Amino acid sequence: MFMRTFKMLLLSLLLLFVSALVTGCWNYRELDQMAVVAGVAIDKGIHEKYSITVEIVEITTGKESQTKSQTITIEGKTIFDAVRHSISLIGRRIYWSHAKVVIISREIAEEGVVQVLDWFNRDAETRADIHILVSKGESAKEILAAKSPTEEVTSFVLDEIITNQRSLSNAPHIEIWKFTNILVSKGVGSIATAIDLRPENNQKLPHIMGTAVFKDDSLLGFIDGEQTKDMLFIQNQIKGGILVAEENNKEGISQVSLEIFNSKTKIKPVVNNGNIEFNVKIETNVAIDEIGGVANVIEDTGRKRLEESAEKSLKYRLENIIRKVQEEYGVDIFGFGAKLREEKPKAWNTVSDNWGDVFKTLKVNVEAKVHIKNSAMLSKPLEIGD
């Protein structure tokens, strides 16, 4: 009887101990004991090497809970040094797992971003999928401090804009892990998303469009939104967007907006007697979304002419962006070298050490095919009656 009672007591104690373990969390932190970071801006410091501005999320409780934010600026000799100094201002440990964006000033980016990104890659709490953006003009702090009229937390707004930009194809979708992988790869140049402030409704709001071009880890310059779309065509990264083509006939010039459904790019390196060329073939499926004129581009004949016009325009644009990057930057942001390394390793080994110089004069043959799959809801262009 005693042994049975002892066993029951021992079992009860064991159950209580296990219950205490499963209902708690060893790493649990009270919300009021930590500062949740939404994003960070990095500029040159006045007294120290770096100045970082963190956007802290604040959640107010009550009948109507609200999410707001405040920004705090700290300086340090390194990024980690500045992060640790922030505790003296905030009084709480900074929590990084929800950070969405890191904005780097142009000045810092021109000097090199490896030291900036090193801490984000190593720290256990930061995530590898944080978006990396480079400020075109203003300081990174100014951009993070700009408030959106639709939401209080600027970093969360920027995260939404970047995600939605994928359907416009005017900015690349670059996260820290991807930037770092490209940085250590041969045959492809690094890029990041460009950001600045634009006036709108009597205030300046963050504007994400275009691409920051790097040589190794140092910023060289920028290409705009339309040029970014052309770059994404070549990289086979088009997710949507608009192509504008012109139809020229006796009735005048009509501009037609074509909505991109999907696009596929094939890049083929060709090596003859040591000479390296690339053939780039692009096939894009579109729909007529808007007709700015009276030309009939719905019927077979007009549609065929429109397809040819769109192909000619797209080919011209892609040749231009390749030539621009070759002449102005000399960095292979398209990944031709990586493709050569993959398909023609022997040829790559002969040029890998000076691929930057080879790329500057590389011959690239572009072929563009545009297929109009439908003409939206109307069977003919709109006409104004008498």
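A nonpolar core is a set of buried Ala, Val, Leu, Ile, Met, Phe, Trp, Tyr and Cys residues joined through side-chain atoms within 4.5 Å, where buried means under 20% relative accessible area, exposed means over 50% and partly exposed lies in between, with a 1.4 Å probe and protein chains only. The model is predicted, so that local features need pLDDT of at least 70 and side-chain atom pairs count only at pLDDT 80 or more, while totals for chains, interfaces and linings use all residues. Residues are numbered from 1 along each chain as its sequence is written, and side-chain values use heavy atoms, with hydrogens and water left out.

In the largest nonpolar core there are 83 residues, of which Trp96, Phe120, Leu258, Phe334, Phe336 and Trp355 touch the most other members. Helix H9 gives the most to this core, with 7 residues. Apart from it lies another core, of 14 residues, among them Val101, Ile162, Ile195 and Leu197. In soluble globular proteins, nonpolar side chains tend to be buried together.

Of the 386 residues in the protein chain, 45% are buried. Among contacts between residues at least 6 apart in sequence, 67% join residues at least 24 apart. The accessible surface comes to about 21400 Å², and 50% of it belongs to carbon and sulfur atoms; such areas come from the Shrake-Rupley method with a 1.4 Å probe, and for residues only the protein chains shown count as cover.

Next come the spaces in the model, which are found on a 1 Å grid over the protein atoms alone: a cavity is a set of points where a 1.4 Å probe fits but cannot get out, a pocket is an open set with protein on both sides within 12 Å along at least five of seven lines, and lining residues have an atom within 4 Å of a point. Grid points are joined across faces, edges and corners, and a volume is the space filled by probe spheres set on the points. A search of the whole structure finds 1 cavity of 30 Å³ or more, and about 30 Å³ of space lies in the largest cavity. Its lining consists of Leu243, Val244, Ala245, Ala310, Ser313 and Leu314, with strand E10 (242-249) and helix H9 (300-328) each supplying at least two residues.

The largest pocket has a volume of about 640 Å³, and of the 28 residues that line it, Lys178, Gln235, Asn236, Gln237 and Phe334 are the closest to its centre. Helix H7 (176-183), helix H8 (225-234), strand E11 (252-272) and helix H10 (336-343) each supply at least two residues of this lining. By class, the lining has 13 nonpolar, 8 polar and 7 charged residues, where Ala, Val, Leu, Ile, Met, Phe, Trp, Tyr, Cys and Pro count as nonpolar, Asp, Glu, Lys and Arg as charged, and the others, Gly among them, as polar. The second largest pocket holds about 460 Å³ of space, and its lining of 23 residues has Val188, Lys215, Asp216, Val331 and Gly356 nearest its centre. Helix H12 gives the most to the lining of the second largest pocket, with 4 residues.

Isoleucine 182 lies in helix H7 and is buried, with a relative accessible area of 16%; leaving aside its neighbours within four places in sequence, isoleucine 182 is in contact with Val188, Gly189 and Ser190. Most residues other than glycine have a negative phi, and most peptide bonds are trans. Aspartate 216, however, has a positive phi of about 55°, sits in the loop between E8 and strand E9 (218-223), and counts as exposed at 59% relative accessibility. Asparagine 273 also has a positive phi, near 50°; asparagine 273 is found in the loop between E11 and strand E12 (275-292), and is exposed at 82% relative accessibility.

Notes
Contact means heavy atoms within 4.5 Å.
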